[in-house]
Amino acid sequence: MASFSIRAARPEDCPDLLRLIKELAKYEDMEDQVVLTEKELLEDGFGEHPFYHCLVAELPKEQWSPEEHCIVGFAMYYFTYDPWIGKLLYLEDFYVMADYRGLGIGSEILKNLSQVAVKCRCSSMHFLVAEWNEPSIRFYKRRGASDLSTEEGWRLFKIDKEYLLKMATEE
């Protein structure tokens, strides 16, 4: 059984964070959509006003992977506000490398996130899961997650940068 620790990400973790983000995107068959750079991760997460927070799962040196990866999982999150229920922890991305799944790393990351949410007096934790990702859906449901798309009928929308620029410059 692998021993590991969960800790807050540090600026020097940005190369590993980007590696894991790309691995997750590949798993989701969306790797061509990752345009983020290490520099942006560093500036956006570790500046004066961070846009995100991140937990990482770290292995002790004697258990590093053959590629010498010591960071084998991460959870990127931020806080948001719902005018009906107040503070929320929004889990943006959550990933554990395939070779390290089933060892309790994901459960421990989620436990740590839950502790953060409770400490910050959040009403709930929200996140998205791809419809085809049955292992993740089962993982979350075993821990009490409810599927708002089926229970409440919510739909997710986005407005791309192109349209944001267009609307921002309209007269």
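Residues are numbered from 1 along each chain as its sequence is written. In this predicted model, local features require pLDDT of at least 70 and side-chain atom pairs count only at pLDDT 80 or more, while totals for chains, interfaces and linings use all residues, and side-chain values rest on heavy atoms, with hydrogens and water left out.

Eight aromatic pairs are found in a search of the whole structure (rings of Phe, Tyr and Trp, the last by its six-membered ring, with centres within 6.5 Å; planes under 30 degrees apart are stacked, over 60 edge-to-face and the rest tilted). The pair of Tyr27 and Trp132 is tilted, with ring centres 5.6 Å apart and planes at 55°. This pair links distant parts of the chain, 105 residues apart: Tyr27 belongs to helix H1, whereas Trp132 is in the loop between S5 and helix H4 (134–142). Helices (H or I, at least four residues) and strands (E, at least two) are DSSP runs, numbered from the N terminus. Tyr27 is partly exposed at 35% relative accessibility, and Trp132 is likewise partly exposed at 47% (buried denotes under 20% relative accessible area, exposed over 50%, and partly exposed in between, with a 1.4 Å probe and protein chains only).

The rings of Tyr78 and Tyr90 are stacked, their centres being 5.3 Å apart and their planes at 25°. Because Tyr78 lies in strand S3 (residues 71–82) and Tyr90 in strand S4 (residues 86–96), the pair ties together parts that are 12 residues apart in sequence. Tyr78 is partly exposed, with a relative accessible area of 27%, whereas Tyr90 is buried at 17%.

The charged end of Arg101 sits over the ring of Tyr27, 5.2 Å from its centre. For Phe139, the charged end over the ring is that of Arg143, 3.8 Å from the ring centre.

Side chains of opposite charge can pair when their charged atoms come close. The structure holds seven salt bridges (a side-chain nitrogen of Lys or Arg within 4 Å of a carboxyl oxygen of Asp or Glu). One of them joins Arg7 to Asp13, with the closest N and O atoms 2.7 Å apart. Arg7 is buried at 13% relative accessible area, and Asp13 is buried at 5%. Arg7 and Asp13 are linked with Glu58 in a network of salt bridges.

A salt bridge of 2.6 Å, N to O, connects Glu43 and Lys39. Both residues lie in helix H2, four residues apart, about one turn of the helix. Glu43 is partly exposed at 45%, while Lys39 is exposed at 55%. Asp160 and Lys158 form a further salt bridge, the closest N and O atoms being 3.2 Å apart; Asp160 is partly exposed at 38% and Lys158 exposed at 65%.

Positive phi values were also examined. Asp29, a residue other than glycine, has a phi near 55° and is found in the loop between helix H1 (14–27) and helix H2 (38–46). Asp29 is exposed, with a relative accessible area of 70%. Arg121, not a glycine, has a positive phi of about 60° in the loop between helix H3 (105–119) and strand S5 (124–127). Arg121 is exposed, with a relative accessible area of 64%.

Note on methods
Lys NZ or Arg CZ within 6 Å of the ring centre and 35° of its normal.
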